[in-house]
Amino acid sequence: MGGLNGTDEARADQRAADVTAAAAALQRGDLVLLPTETVYGLAADATRPEAVARIFEAKGRPRFNPLIAHVADAAAAERVAVFDARARRLAEAFWPGPLTLVLPARPDAVCDLARAGLDTVAVRVPGHALARGLLASFGGPVVAPSANRSGRPSPTTFEDALAETGAEVAAALDGGPCAVGVESTVVSVLDGGVALLRPGAVTREELAAVVGPLTEAGEGHRSPGRLTRHYAPDAPVRLEAGTARPGEILLGFGPGVGDPAWSLSPSGDLREAAANLFRLLRRADAAGPAGIAVAPVPHAGLGEAINDRLARAAGKIG
Ligand code: TXA
Ligand code: MG
């Protein structure tokens, strides 16, 4: 197959064949490993409840957790959700990219099970070229939670994604390591205002620059998926650590903090830290340490999402 000939053209042909095969798998109601710029997703046809049920089964996830519908472009997004002027401004500013909008659902576009029975729907246009290729080829909305088994860190490399849920899929697209490394920002745009439900790669400050200050997420806005413990390695996680205690692995941040090989970012760069976060948590956990200590990471900008995921890994939230 593709390995016989090393030219770029042969590789492009192989990719196109992989995308076609993955789209066909979605059409049959099978699951697909989907690379995105944030994390790898476990994808299914959003219109078919029996396909969506297989995702919950494969992840071991409670059924009340609603999923994100991924679409190829803003026009496709308007077919699944109702956009107002604020939602359109956010879509124009950040799509394709790591922003998910929770909006009033159009009836019957995404099945009830994928929305967990809510009358809203979460929708995003991912920025990864292979993801967009698959979505364009498939045509309809595709739901894709992170491809980890429930309660485990999201996979940010093809190898980690295969190890988590690879046994459950009919097709797997290798998109390389995820550039962002934390899940998309989830924002609801509903009558009550614009609320941040899950911090992510698009920061609160970037959102406010487009739609003004965000409202606090009240109960009605609360993201149901956030009620459960997420992103947890097996080893205990200790935050705001200055140095490693005996038997611990220290994940550093910034110059001179711990072993550079275990650093989230030796230079203290938040983007690099986000991209390394889940891979390093996994690698540390696989070494079977007494614990994983994590150096302080600033809270500003992308640091809000990183600290949110760290607090969850430590069992401090959720
Ligand atoms: O970066 C990402 O968003 C990745 C990649 C694969 O696209 N996907 C992902 O999906 O993180 P998942 O299922 O692990 O997280 C979806 C989040 C959950 O917190 C869920 O509760 C929230 O979106 N959500 C989905 N639909 C919602 C709705 N109608 N109202 C409120 N929150 C919703
Ligand atoms: Mg997840």
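Are α8 and α9 roughly parallel or roughly perpendicular to each other?

1. Basis of the note. This is a predicted model, in which local features need pLDDT of at least 70 and side-chain atom pairs count only at pLDDT 80 or more, while totals for chains, interfaces and linings use all residues. Residues are numbered from 1 along each chain as its sequence is written, chains are lettered from A and ligands numbered from 1 in the order in which they are written, and side-chain values use heavy atoms, with hydrogens and water left out.

2. Helices α8 and α9. Helix α8 (residues 270-286) packs against helix α9 (residues 303-313) at an angle of about 20°, and their axes are 9 Å apart. The two helices are therefore roughly parallel to each other (angles under 35 degrees count as roughly parallel, over 145 as roughly antiparallel, 65 to 115 as roughly perpendicular and the rest as oblique). Axes here are lines fitted to C-alpha atoms, for helices over the stretch in contact, and angles run from 0 to 180 degrees between N-to-C directions. Helices (H or I, at least four residues) and strands (E, at least two) are DSSP runs, numbered from the N terminus. The crossing of α8 past α9 is left-handed, a term used if the near helix is turned anticlockwise from the far one by less than a right angle, and right-handed if clockwise.

3. Residues between α8 and α9. On α8 the contact involves Leu270, Ala273, Ala274, Leu277, Phe278 and Leu281, and on α9 it involves Gly303, Ile306, Arg309, Leu310 and Ala313; contact means heavy atoms within 4.5 Å. By class, the contact of α8 with α9 comprises nine nonpolar, one polar and one charged residues. In this classification Ala, Val, Leu, Ile, Met, Phe, Trp, Tyr, Cys and Pro count as nonpolar, Asp, Glu, Lys and Arg as charged, and the others, Gly among them, as polar.

4. Arg309 and Glu183. Glu183 is buried at a relative accessible area of 3%, and Arg309 counts as buried at 1%; buried means under 20% relative accessible area, exposed over 50%, and partly exposed in between (1.4 Å probe, protein chains only).

5. Other salt bridges. The whole structure contains 16 salt bridges. In one of them, Arg124 pairs with Glu37, with the closest N and O atoms 3.1 Å apart. Arg124 lies in strand β5 (residues 120-124) and Glu37 in the loop between β1 (32-34) and β2 (41-45), so the pair ties together parts that are 87 residues apart in sequence. Arg124 is buried, with a relative accessible area of 2%, and Glu37 is buried at 9%. Asp112 forms a salt bridge with Arg115, where the closest N and O atoms are 3.1 Å apart; Asp112 is partly exposed at 48% relative accessibility, whereas Arg115 is buried at 10%.

6. Helices α1 and α5. Helix α1 (residues 8-27) and helix α5 (residues 129-138) pack at an angle of about 50°, with axes 9 Å apart. This angle makes α1 oblique to α5, and their crossing is right-handed. The contact joins Arg15, Val19, Ala22, Ala23, Leu26 and Gln27 of α1 to Leu130, Gly133, Leu134, Ser137 and Phe138 of α5. By class, the contact of α1 with α5 has seven nonpolar, three polar and one charged residues.

7. Thr165. This residue lies in helix α6 (residues 158-165) and is buried at 1% relative accessibility. Leaving aside residues up to four places away in sequence, Thr165 touches Leu33, Leu42, Ala58, Ala147, Asn148 and Arg149.

8. Backbone geometry. Most residues other than glycine have a negative phi, and most peptide bonds are trans. The peptide bond from Trp95 to Pro96 is cis, with omega near -10°, and Pro96 is in the loop between α4 (85-94) and β4 (99-104). Asp108, although not a glycine, has a positive phi of about 70°; Asp108 sits in the loop between β4 and β5 and is exposed at 73% relative accessibility. Glu240 has a positive phi near 55° and lies in the loop between β10 (237-238) and β11 (248-251).

Methods
A salt bridge is a side-chain nitrogen of Lys or Arg within 4 Å of a carboxyl oxygen of Asp or Glu.
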